[in-house]
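Here is a short note on the structure below. Please read the points with the model open.

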Amino acid sequence: RLLSYAERAQPSAAPATARSRCLRTPPLDAVEKGDDRQTALGLGLLSLSAVAAMIHVAMHACLALVLPSTSGPTALAPRLATARVSGPVMSVESKKYFPTRESVMDASLFDIAKNPSMFKEATREFRRDVYTYADWLWHREAGHVADAFTSVFTSGVSKWLWSEIFFVMVSAFIVLGYNDGLPALADAIRTSSPDLASVLDARPLFKLGLLPLTLSSPALFLLLVFRTNASYDRWWEARKVWGAIINTTRDHARMCLILMDNDKLREQAVAQTASYSRILKFHLREPSKEAEDLLYTEIAPILTPEELDTVMKAKHKPMALSGLMSKTIHKDAENLSTFERLKLDQSLTLMMDYLGMCERIVKTPIPLVYTRHTARFLSWWLVFLPFCLYDALPNHLLVIPVAGMISFFLLGIEDLGNQIEEPFSILPLEVMGDGISGSIFEALEMKTGKPKEVRGVEVIPYNKVSSQPSSFVR
């Protein structure tokens, strides 16, 4: 462009013909105005390309931290290709990095940034809240809103969403640097490079009005609310189903203790009933060698060796246990009448119904097209957020923290639904199983006079069981 200016400024060596005068370029000031507009447009397009490239690099940097490392010139492509493919059991792998409650609470930012998904899975074990009356007093005490205000920077949500929040803040920093940083650069080089300074002054600004956010916000917030409500309905349905399991198993054990006239059969029926919740818990959670070993330690003290072998070898363990319970009712208990057998069999039918309800929840997510579209909508909405906030705030420097805070809360709402959509790994199924076993074995002891310790069961009053929710920052 500078060369073209020089050529037009020099007098032509040959006299201009009529045709050449007709084809001669317009006056220099008009050309400069047109060039300035073209320069501004070109610079704007180049700047948009630069922003897209920086965002692309930032996303790859975040993925490099999150995904497992590989080697070779095509290391990133395999990681991207397998990012959504199921790998090792995440909860088991997370135990290697965050094995205890204290390790989760005291985890460093570097450890969390290196393994955010594993940290996220490790916290689920400590979110299985069980309240006592003292916990309810803590839950509704005065000042809980002020306490929540200060926990924004220490909550687990902000720790495992750091990459998404950081991405939005980087976008805000790019907008701020382009809009406010380039004028400062132009002033610094105006004496030495006036032409470049004028080009920088003529650049278009990266800014939008609030209208795009105003028009799109109702649709986005409706999607987020529906997503959260649908996930909560799944969580609450799972809790109601397990409440019905507690009631049905206790009622089944009560009828067995009353209707059966043989202490051995009573112990057998109660042991099978107590094992149902343990086996169902294993069936609904992530399968692993550690989970199978835990199941074995829970049911080995109460089942006979033959029953234990049958259950542990079965692929569908709840159905195998159901067959053993049916055998106890219809074949082993010879003193029962037909009506009594049908009554006890109704309890087994209810247990099978609850098993099917739990399987329906754990095997069927909210339609993925809904979940993915909500995530896409939110991601693009947050990317354009800094552009819309630039002129809306009294100080442009506020764009970065305001965009970061808004992204934290909106991403947290979206992740809240994601967390409770699969409810069985955050419901306190262990405590529910302990409550079932403790209550029915205590009833067995009262009926037979045999101590409950022989079964490896310790009865703890239900109102004394607490997960200590006040000691874990949500």
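Is Phe206 buried or exposed? Phe206 is buried, at a relative accessible area of 6%. Buried means under 20% relative accessible area, exposed over 50%, and partly exposed in between (1.4 Å probe, protein chains only).

1. Basis. This is a predicted model: local features need pLDDT of at least 70, side-chain atom pairs count only at pLDDT 80 or more, and totals for chains, interfaces and linings use all residues. Residues are numbered from 1 along each chain as its sequence is written, and side-chain values use heavy atoms, with hydrogens and water left out.

2. Aromatic pairs. The whole structure holds 10 of them. Phe206 and Phe387 make a tilted pair, 5.9 Å centre to centre with 50° between the planes. Phe206 sits in the loop between α13 (194–201) and α14 (211–259), and Phe387 in helix α20 (residues 368–389), so this pair ties together parts 181 residues apart in sequence. Phe387 also counts as buried, at 13% relative accessibility. The rings of Phe, Tyr and Trp (its six-membered ring) pair if their centres lie within 6.5 Å; planes under 30 degrees apart are stacked, over 60 edge-to-face, the rest tilted. Helices (H or I, at least four residues) and strands (E, at least two) are DSSP runs, numbered from the N terminus.

3. A pair within α20. Trp380 and Phe384 both lie in this helix, four residues apart, about one turn. Their ring centres are 6.1 Å apart and their planes at 25°, so the pair is stacked. Trp380 is exposed at 57% relative accessible area. Phe384 is partly exposed at 37%.

4. The cluster. Ring pairs join Tyr178, Phe206, Trp380, Phe384 and Phe387. Arg203 lies over the face of Tyr178, 5.5 Å from the ring centre. The test for such a charge is NZ of Lys or CZ of Arg within 6 Å of the ring centre and within 35 degrees of the ring normal.

5. Helix α16 (residues 289–299). Leu295, Glu298 and Ile299 are buried here. The face turned away from the buried side carries exposed Lys289 and Thr297.

6. Phe409. This residue is found in helix α21 (residues 399–420). Phe409 is partly exposed, with a relative accessible area of 45%.
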